[in-house]
Amino acid sequence: MHSRASLALGIGVMIVSGWAVISAMEWPWKAKLFPLVIGIPVFLLAAAEVLWVLFGTAPKDQAMDFQLSTHVPAGETVKRTLVAAAWIVGFFALIVLLGFPIAVALFVFLYLKLQGREGWVLCSVFTLAVWAAFYGLFDVLLHLPFPEGWIQSWIGSS
């Protein structure tokens, strides 16, 4: 039953991603970039799944049991999960308040400095490199406009 479901899902994903890639071939470069970058790897991964189901050998009647790490106390696991969730929520808040380009740079710097406890030079160099890659790809190369953050809107409207 499991291999039939995996086979059907794999074939379905291959059909949808293949259709997305073929459809996008007629579009302008900027419009087809995302479907191609996502669709081709998804198609290849789904094809690998289909081939694995068809030709792979899987142990029969053997269930896998999911188990969390036992070497980390439960309290520490909860703490780490909450810290990770707080960083994600904080990143979203930065995006809303400051806009995407500023939020990316500020988040990278703060994460390296506060969570990673890295030095000022490493934080600054990595932040500059990430911001340059972000700006170069999305602003210079793709010309994608990002909406301003709420703070810029409030300052601009005053």
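**Close-up views of a predicted model**

A search of the whole structure, which is a predicted model, finds 13 aromatic pairs.

View 1. Tryptophan 87 is buried, its relative accessible area being 18%.

**View 2. The aromatic pair of phenylalanine 138 and phenylalanine 146.** An edge-to-face arrangement is also found for phenylalanine 138 and phenylalanine 146, whose rings are 6.0 Å apart centre to centre with 80° between the planes. Phenylalanine 138 is partly exposed, at a relative accessible area of 26%, and phenylalanine 146 likewise counts as partly exposed, at 30% relative accessibility. Both residues belong to one aromatic cluster, which is formed by Trp87, Phe91, Phe100, Phe107, Tyr111, Phe134, Phe138 and Phe146.

**View 3. The largest nonpolar core.** Seven residues make up the largest nonpolar core, namely Phe91, Leu94, Ile95, Leu98, Ala103, Val104 and Phe134. The elements that contribute two or more residues to this core are helix H3 (74-98) and helix H4 (100-115), and H3 gives the most, with 4 residues. Valine 104, a member of the core, is in contact with Phe91, Val130 and Phe134 when its neighbours within four places in sequence are left aside. In soluble globular proteins, nonpolar side chains tend to be buried together.

**View 4. Serine 6 in helix H1.** Serine 6 lies in helix H1, which comprises residues 2-24, and is buried, with a relative accessible area of 13%. When residues up to four places away in sequence are not counted, serine 6 touches Glu49 and Val53.

View 5. Most residues other than glycine have a negative phi. Arginine 117, however, has a positive phi near 55°; this residue lies in the loop between H4 and helix H5 (120-141) and is exposed, with a relative accessible area of 70%. Histidine 143, which is not a glycine either, has a positive phi of about 55°. Histidine 143 is found in the loop between H5 and helix H6 (150-157), where its relative accessible area of 53% makes it exposed.

How values were computed: Residues are numbered from 1 along each chain as its sequence is written. Side-chain values use heavy atoms; hydrogens and water are left out. A nonpolar core is a set of buried Ala, Val, Leu, Ile, Met, Phe, Trp, Tyr and Cys residues joined through side-chain atoms within 4.5 Å. Buried means under 20% relative accessible area, exposed over 50%, partly exposed in between (1.4 Å probe, protein chains only). Contact means heavy atoms within 4.5 Å. Rings of Phe, Tyr and Trp (its six-membered ring) pair if their centres lie within 6.5 Å; planes under 30 degrees apart count as stacked, over 60 as edge-to-face and the rest as tilted.
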